[in-house]
Amino acid sequence: MAHKIAVFAGDGIGPEVIGEALETLTLVEKRFGLNLACEQALAGGCSIDAHGVALTDSALRVATESDAVLLGAVGGPKWDDPQSAVRPEQAILGLRKELGLYANLRPLQVNRHLVHASTLKPEVLDGVDLIVVRELTGGVYYGRPSERRTGPDGREAVDTIFYTEGEVERVMRTSFELARKRRKKVTSVDKANIMATSRMWREVANEVAKDYPDVEYEDVLVDAMSMHLIRRPRDFDVIAAENMFGDILTDEASMIAGSMGLLPSASLGEGSRGLYEPIHGTAPDIAGQDKANPLAALLSTALMLRLSFQHEDAAQAIEAAVDAALSEGYRTPDIAQPECRLVGCKEMGRLVRERLG
Ligand code: IPM
Ligand code: MG
């Protein structure tokens with residue numbers, strides 16, 4: 001039986017990095033005797049241009065009928081008009097919600113060859129190995145009302161943060177289960193001193209923690225967490241956070257690794273289907289110039305092979321090939337250093353494939 005993969009390359013550098021990911025999957029397919037059936041569809045700005053909406057029903061169907069989704073990135077200045085009712089980001093929010101992908105896993109390790117690429121001191125980086133579990137289908141991203149309107153004092157706007165206890169519980173369970181397979185520590189992030197949703201989050205998180213006495217547990221306020229994350233990143237194993245806190249903290253965390261271009265992510269729900277995407281955006285400033293770093297996209301395919309298709313050997317082969325290319329000094333511009341072997345997106349993809357054998 002073929003594994004069906006829905007592919008949304010998206011906008012900006014999305015098609016460039018996904019192009020490398022697809023070529024790599026084709027090679028992995030041959031080498032490991034897999035049967036992968038990829039179907040491409042439009043999402044984001046490219047879909048707005050073609051169909052007037054960020055995600056059509058038929059594109060969504062490609063995703064709901066797949067075993068896994070591979071996504072590049074969506075958005076760009078062309079579609080940034082704040083007055084517009086259609087926005088590229090609606091595609092990604094729609095996919096996450098419609099597929100029920102409530103847990104967004106963003107692993108982060110510091111590659112020993114790339115310590116220089118981080119703005120942090122080497123002694124802070126040594127041994128960092130953490131994973132952020134970001135709640136992905138709730139919070140302010142989906143809360144209603146979310147609107148602009150006119151009130152007695154002129155322009156007004158409102159956004160809503162809403163969570164049910166069930167939404168908090170399931171993502172906390174994902175976090176604790178993950179911690180059990182790792183270093184057995186969960187740090188839950190909230191703003192319980194200010195927000196009602198955070199106070200409920202903390203309450204539910206503490207209840208779930210009781211079911212995992214073997215896992216160390218702590219609550220940390222999000223502002224303090226943003227500080228601890230860059231002061232002592234080694235102390236964290238699994239970090240659980242609501243949607244927007246997780247969004248912000250993972251951009252910050254990417255600087256520990258050195259570049260957003262290195263970090264993959266997996267979004268999971270109840271079944272084995274997942275959505276896999278680099279955490280970076282569309283980088284419009286370098287789009288179409290063969291300067292993007294394809295490694296986050298390649299590492300996202302490794303996560304797909306591991307988590308949705310249970311092909312651990314193929315996943316590890318990709319990760320090892322990425323590591324080999326880096327250890328030999330090949331660098332895309334985002335992680336360049338003096339005396340490195342500077343390469344573009346295509347060449348980096350080719351080098352990884354060459355090392356896959
Ligand atoms: C991310 C991105 C998205 C988000 C945007 C593009 C909607 O920043 O995946 O982190 O905010 O979730
Ligand atoms: Mg983000």
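**View 1. Lysine 191 in the loop between β8 and α7.** Lysine 191 sits in the loop that joins β8 (185-190) to α7 (196-209); helices (H or I, at least four residues) and strands (E, at least two) are DSSP runs, numbered from the N terminus. The model is predicted: local features need pLDDT of at least 70, side-chain atom pairs count only at pLDDT 80 or more, and totals for chains, interfaces and linings use all residues. Residues are numbered from 1 along each chain as its sequence is written, chains are lettered from A and ligands numbered from 1 in the order in which they are written, and side-chain values use heavy atoms, with hydrogens and water left out. Lysine 191 counts as buried because its relative accessibility is 18% (buried means under 20% relative accessible area, exposed over 50%, partly exposed in between; 1.4 Å probe, protein chains only). Its C-alpha atom is separated by 5.1 Å from that of leucine 221, 30 residues apart along the chain.

**View 2. The shell around ligand 1.** The residues around ligand 1 are Glu89, Ile92, Leu93, Arg96, Arg106, Arg134, Tyr141 and Asp247, each with a heavy atom within 4 Å of the ligand. They divide into three nonpolar, no polar and five charged (Ala, Val, Leu, Ile, Met, Phe, Trp, Tyr, Cys and Pro count as nonpolar, Asp, Glu, Lys and Arg as charged, and the others, Gly among them, as polar). Helix α4 (residues 89-98) gives the most to this shell, with four residues. Domain 1 (1-101 + 271-357) and domain 2 (119-257) each supply at least three residues; the domain bounds come from an automatic or database assignment.

**View 3. Side-chain contacts to oxygen atoms of ligand 1.** An N or O atom in the side chain of arginine 96 is 2.8 Å from an oxygen atom of ligand 1. For arginine 106, the distance from a polar side-chain atom to a ligand oxygen is 2.9 Å, and for tyrosine 141 it is 2.6 Å. Ligand 1 taken alone exposes 320 Å², of which the protein buries 77%; accessible areas come from the Shrake-Rupley method with a 1.4 Å probe.

**View 4. Helix α9 (residues 243-257).** The 15 residues of α9 should span 21 Å at 1.5 Å a residue, which agrees with the 21 Å between its end C-alpha atoms; the expected span is 1.5 Å times one less than the number of residues. At the start of α9, a side-chain oxygen of glutamate 242 reaches to within 3.0 Å of the backbone nitrogen of methionine 244. Buried residues of α9 include Phe245, Leu249 and Ile256. Glycine 258 follows the helix, with a positive phi near 115°.

View 5. Glycine 143 lies in β6 (residues 143-151) and is buried, with a relative accessible area of 5%. Glycine 143 and phenylalanine 162 are 19 residues apart in sequence, with a C-alpha to C-alpha distance of 5.6 Å. Proline 145 also lies in β6, and the peptide bond to it from arginine 144 is cis, with omega near 5°.

View 6. Aspartate 290, a residue other than glycine, has a positive phi near 60°. It is placed in the loop between β12 (274-278) and α10 (295-307) and is partly exposed, at 30% relative accessible area. Phi of glutamine 310 is also positive, near 55°. Glutamine 310 belongs to the loop between α10 and α11 (312-327) and is exposed, with a relative accessible area of 57%.

Notes:
A polar contact is a pair of N or O atoms within 3.5 Å; within protein, one must be able to donate a hydrogen and the other to accept it, and residues adjacent in sequence count only if both atoms are side-chain atoms.
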